[in-house]
Amino acid sequence: MTATVLSGTLILPDGPLDGWLRIEDGLITDLGSGTVAGAQHTDGYLLPGLVDMHCHGGGGGAFEVGETAARRAAAFHAAHGTTTVVASLGSTTHPALLDQVRALAPLVRDQTIAGVHLEGPYLSTTRRGAHSLDHVRTPDSRELAEVLAVGGVRMVTVAPELPGAAEMIAGLPCVAALGHTDATYAQATAGIAAGATVATHLFNGMRPVHHRDGGVAVACLEDEQVTCELICDGHHVSPEMVRLAFRAAPGRVALITDACVAAGMPDGDYRVGTEPVRVVAGEVRTTDGRSLAGSGLTLLAAVTNAVRFGIALADAVHAASAVPAAALGLADRGRLAVGLRADLVVTDRALHVRRVLRQGRSAGSAA
Ligand SMILES: [Zn+2]
């Protein structure tokens, strides 16, 4: 196979570098500074392909409503620079969840998605956000085992204060995340001790930080084993809290979209799980106004927002690529480095997508 050489400003983990990289057989086989003859030059950035570890849908498709809609969602995000996406499923009945995970199995097999994230149903009723009260419930390991047996599940979010939660976390064969939780600091710390390594959308769906009890957020920011997801859309978390998270947990913040079906779609009425939602000026809320219900983000838009909020570009990109890749155990991607997958986003200087490559092949362009 012939090599492709691209040049531009490479966004490496430790900062930007004006340079080039060579792609052969879907991998990055060499890179360096300066220019080389024959390179396809971009007056813009070469970013590692973005990795979204928490995403429910986009482009009019959702991961919960069957294979065709799920493929539509994955294609929408790929065209916007997300070369690795985990399909998140909200709380629902046991039979419905089994059906949803089964429907995603072909997408796991052909690597359209990097696995399934069960966001529930073992969540706090008081911190359930847009999850239906009818469907959140206390941990049931037998029920969960049936879902896990379908295959493809990469992460499960559990509220650690619930009865049986610690045992469930300790027994998970995949990533355990703490989220939609009213846990105190001590309860959260117990969940981390049991094996949790991710905070599901830090600050959202959690007991707020209190000066006499830091709760889940502080427990997760503090612990070196925990990756903290952050929804950087300007609605879910304020700019100063984004900056605080990046300072408190350097190299451990993962930008996510938590995007719903409406991402990339016009304002209007949609459905998230069984909840009717309304999108107004890009903000997604349950129709009763009770809760935010995911976002309208693409992950590249989250990176752009983080930069606007004062995060260095390389740190924002790292938080949307290497950090989530590591949290998911995907060692073959997430950085521009020799030997890793040639997953790339080529952008202009304003971070608008020009080209997306997945394992060296075109994964679409969002003109
Ligand atoms: Zn979610």
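## Starting at H180

With a relative accessibility of 5%, H180 counts as buried (buried means under 20% relative accessible area, exposed over 50%, partly exposed in between, using a 1.4 Å probe and protein chains only). You'll find H180 in the loop between β11 (175–178) and α5 (185–194); helices (H or I, at least four residues) and strands (E, at least two) are DSSP runs, numbered from the N terminus. Setting aside residues up to four places away in sequence, H180 touches several others, including E119, H131 and H201 (contact means heavy atoms within 4.5 Å).

A quick word on what you're looking at: this is a predicted model, where local features need pLDDT of at least 70 and side-chain atom pairs count only at pLDDT 80 or more, while totals for chains, interfaces and linings use all residues. Residues are numbered from 1 along each chain as its sequence is written, and side-chain values use heavy atoms, with hydrogens and water left out.

## The annotated trio

An unreviewed UniProt entry marks E119, H180 and H201 as "binding site"; such annotations may be inferred rather than shown by experiment. These residues are spread over 83 residues of sequence, yet they cluster in space, with a largest C-alpha distance of 10.7 Å.

## The zinc site

What holds the zinc ion? H54 (NE2), H56 (NE2), E119 (OE) and D258 (OD) coordinate it at 2.0 to 2.2 Å, donors being N, O and S atoms within 2.8 Å of the metal (3.2 Å for Na, K and Ca). H54 sits in strand β5 (residues 50–55) and E119 in strand β9 (residues 116–119), so this pair ties together parts that are 65 residues apart in sequence.

E119 is buried too, at 2% relative accessibility. Beyond its neighbours within four places in sequence, E119 is in contact with residues including H54, H56, H180, H201 and D258.

## The sheet behind it

Eight strands make an open, parallel sheet in the order β5-β8-β9-β10-β11-β12-β13-β14 (two strands pair if DSSP finds at least two bridges between them). β5 and β14 (253–256) stand at the edges with a single partner strand each, so one side of each has no neighbour in the sheet. Four bridges join β5 to strand β8 (residues 82–89), and V51 has T84 of β8 as its bridge partner.
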